[in-house]
Amino acid sequence: MTQEGKPKTPKHSQGGTGRSCGLCLFIFLLLAGASAVAVCLIYRPRKPRFAVVGAAIYQLNATSQPIISTSMQFTIVTRNPNRRVSIFYDKLQAYVSYRNQQITPAMDLPPLYQEAKSTVALTPLLGSGTVPASAEVVNGLMMDEASGVVALRVVLLGKLRWKAGAIKTVKYGVYVKCDVWVDLKKGAVGPVPLLGAPPCKVDI
């Protein structure tokens, strides 16, 4: 039985709130994208440059298969070539690989702000204790140490943003690969000569 004359209670639409949030998110993403495009079009930011300029090997023991002991330090110089654009680095990590296998745990580096036309040196100490390694890595290291030349790759990865004035771009992934050849004799500890260290490859 229906009740005559009783006013109907209005139903609030939940779709309106969802549409408002979606619109706000769309506007935010649009503005962020417009800022990134503006920085790229006006200032044309260039990628940072990286190079390894020093190395020290404190432990690189490959005698106990299938594990190796690693502890090494590299001096990595990064250059911001832009005149009016600074760079923010976030969530940076560094590790060392050998024959495409990671031989040190990834190490978190502190956030880095790099002003325009500036150079910054990083000296991460990589490796701690023992890490598992394949037979190829263990045998390869033993052979390379016997010959006195070891080829390593220092890897940095994380996020970066460019900043021009009050405008910041969105975050971009950065992946840096630095191939180095060190003069390492079996049992040597401490700083070692670099036999080759071409400029690092930077992918963004």
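Colleague: Let us take the hairpin. Which residue in the turn between strand 3 and strand 4 has a positive phi?

Modeller: Arg99, at about 50°. Keep in mind that this is a predicted model. Strands 3 and 4 form the hairpin, with 2 residues between them. Their pairing is antiparallel, over 2 bridges. Tyr98 has Gln101 of strand 4 as its bridge partner.

Colleague: With which other strands does strand 3 pair?

Modeller: Pairing is read from bridges; at least two are needed. Strand 10, residues 149–164, runs antiparallel to strand 3 and is joined to it by 10 bridges. There, Tyr89 faces Leu160. Strand 6, residues 112–114, is also antiparallel, with 3 bridges. Phe88 is partnered by Tyr113 in that strand.

Colleague: Now the surface. Which residues make the nonpolar patch?

Modeller: Tyr58, Leu125 and Val189. The patch covers about 290 Å². Leu125 sits in strand 8, residues 125–126.

Colleague: Why is Leu125 called partly exposed?

Modeller: Because its relative accessible area is 45%. Buried is under 20% and exposed is over 50%, so a value in between counts as partly exposed.

Definitions and conventions
Residues are numbered from 1 along each chain as its sequence is written. This is a predicted model: local features need pLDDT of at least 70, side-chain atom pairs count only at pLDDT 80 or more; totals for chains, interfaces and linings use all residues. Side-chain values use heavy atoms; hydrogens and water are left out. Patches are made of residues with over 30% relative accessible area and no salt bridge: like charges are joined within 9 Å, nonpolar side chains (Val, Leu, Ile, Met, Phe, Trp, Tyr) within 5 Å. Accessible areas come from the Shrake-Rupley method with a 1.4 Å probe; for residues, only the protein chains shown count as cover. A salt bridge is a side-chain nitrogen of Lys or Arg within 4 Å of a carboxyl oxygen of Asp or Glu. Helices (H or I, at least four residues) and strands (E, at least two) are DSSP runs, numbered from the N terminus. Buried means under 20% relative accessible area, exposed over 50%, partly exposed in between (1.4 Å probe, protein chains only).
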